[in-house]
Amino acid sequence: MSRLPMRSPFVLAFGFFALTLCFCLAVLLGGTIRIAAQAIGAEPAVRVPGFWDPRRRPERPDLSRLTVIRFLTETDYPPFNFAGQDGNPQGFNVDLARMICEELKLGCTIQMRRFETLVSALNENRGDAVIASIAMSPESRARLDFSDPYYRTPARFVARRDSPVEEVLPERLEGRKVAVVAGTAHEAYLRALFTEVEVRPYPSAEVARLALRRGDVDLLFADGISLAFWLNGTDSENCCAFRGGPYLDSRYFGEGVGIAVKRGNDTIRLALNWALFRVWEQGRFTDLWLRYFPISPF
């Protein structure tokens, strides 16, 4: 079992942005919502992931046998789940779990555990659902059932702000130097589909980002969520911006993230699906996403 590769080396300070929101696209399954954002320092448009088809509204499940959902999450995976200054769980996943319980009108507990202990705790009935960015894959599906996906980690290109590269298409990048982290799915994707670029593998994300900042390469291709944290933080020194994408090929970048439940626990799985749809339909998922990702990886 693995989680998606998006760990940030530091916890970012999240600011509040004055955003004027307007829905510009209807969301189709696997698509995104484009939202106009007018705020100092914000990108001209923010894309919020949406994996719910408004034409396929789930039926409200029978909740008569449920009184509480015991969520399990990880101790240190910011900004998705981490311990706050008071020691209590915080993060995107934690806030989403609380929204789900509010929508279901059920009690909710959230317990933090080490990542490697989460599945065993679930299977030993010490929790009902794991919301901890576990990647959905054939391996994890053999041990767990999952809710519908509520986010994915797209791959993205990043260029320096003064770069002449605007259109990121294979035929327009011939001879361009592109940094990747060696041995990753991002390197494999470039070598398979962007065959005319000069792939420059680096030993770590930090070294690859430094190569872009120094101008040793024209572009960087990496995990979009980690890049969004970097672009929004002080370490990037406002050097760079996204170009092209997002790239969501599941063969390389996974099926996404859902909430894990014990195999066969359809009661809670269907309840989670209904609540996730409702939270998205009401716009609360969008508000939550923008709070944590003012520079969206989508």
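Modeller: Two strands count as paired if DSSP finds at least two bridges between them. The model discussed here is predicted.

Colleague: In which sense do β10 and β14 pair?

Modeller: The cut-off for pairing is at least two bridges, and β10 and β14 have five bridges. Within this pair, Val-158 stands opposite Phe-242 in β14. The sense of the β10 and β14 pairing is antiparallel.

Colleague: Which strands stand at the edges of the open sheet of five strands?

Modeller: The sheet has mixed pairing and runs in the order β12-β11-β13-β10-β14. A strand with a single partner has one side left without a neighbour in the sheet, so the edges are held by β12 (198-202) and β14.

Colleague: How many residues of helix α6 are buried, and what covers them?

Modeller: Helix α6 spans residues 224-232 and is mostly covered, with eight of its nine residues buried. Those buried are Gly-224, Ile-225, Ser-226, Leu-227, Ala-228, Phe-229, Trp-230 and Leu-231. Their cover includes α5 (205-214) and the strands β10 (155-160), β13 (219-223) and β14 (240-247).

Colleague: Are helices α1 and α8 roughly parallel or roughly perpendicular to each other?

Modeller: Two packed helices are described by the angle between their axes and the distance between the axes. The axes of α1 (residues 92-104) and α8 (residues 266-281) come within 9 Å and cross at roughly 100°. Angles of 65 to 115 degrees count as roughly perpendicular. The relation of α1 to α8 is therefore roughly perpendicular.

Colleague: How many charged residues does the contact of α1 with α8 have?

Modeller: From α1, the contact takes in Leu-96, Met-99, Ile-100, Glu-103 and Leu-104. From α8 come Ala-271, Leu-272, Trp-274, Ala-275, Leu-276, Arg-278 and Val-279. By class there are ten nonpolar residues and no polar ones, and the number of charged residues is two.

Colleague: What percentage of the residues of the protein chain count as buried?

Modeller: The chain contains nine helices and 15 strands. Among contacts between residues at least 6 apart in sequence, 71% join residues at least 24 apart. The accessible surface comes to about 13800 Å², with 49% belonging to carbon and sulfur atoms. With buried taken as under 20% relative accessible area, the share of the 298 residues that count as buried is 51%.

Key. Residues numbered from 1 in each chain as written. Predicted model: local features only at pLDDT ≥ 70, side-chain atom pairs only at ≥ 80, totals over all residues. Heavy atoms only, no water. Buried < 20%, exposed > 50% of the residue type's maximum accessible area, 1.4 Å probe, protein only. Helix = DSSP H or I, 4+ residues; strand = E, 2+ residues; numbered from the N terminus. Contact = heavy atoms within 4.5 Å. Axes fitted to C-alpha atoms, helices over the stretch in contact; angles between N-to-C directions. Parallel < 35°, antiparallel > 145°, perpendicular 65-115°, else oblique. Nonpolar A, V, L, I, M, F, W, Y, C, P; charged D, E, K, R; others polar. Areas by Shrake-Rupley, 256 points an atom, 1.4 Å probe, with all protein chains shown as cover.
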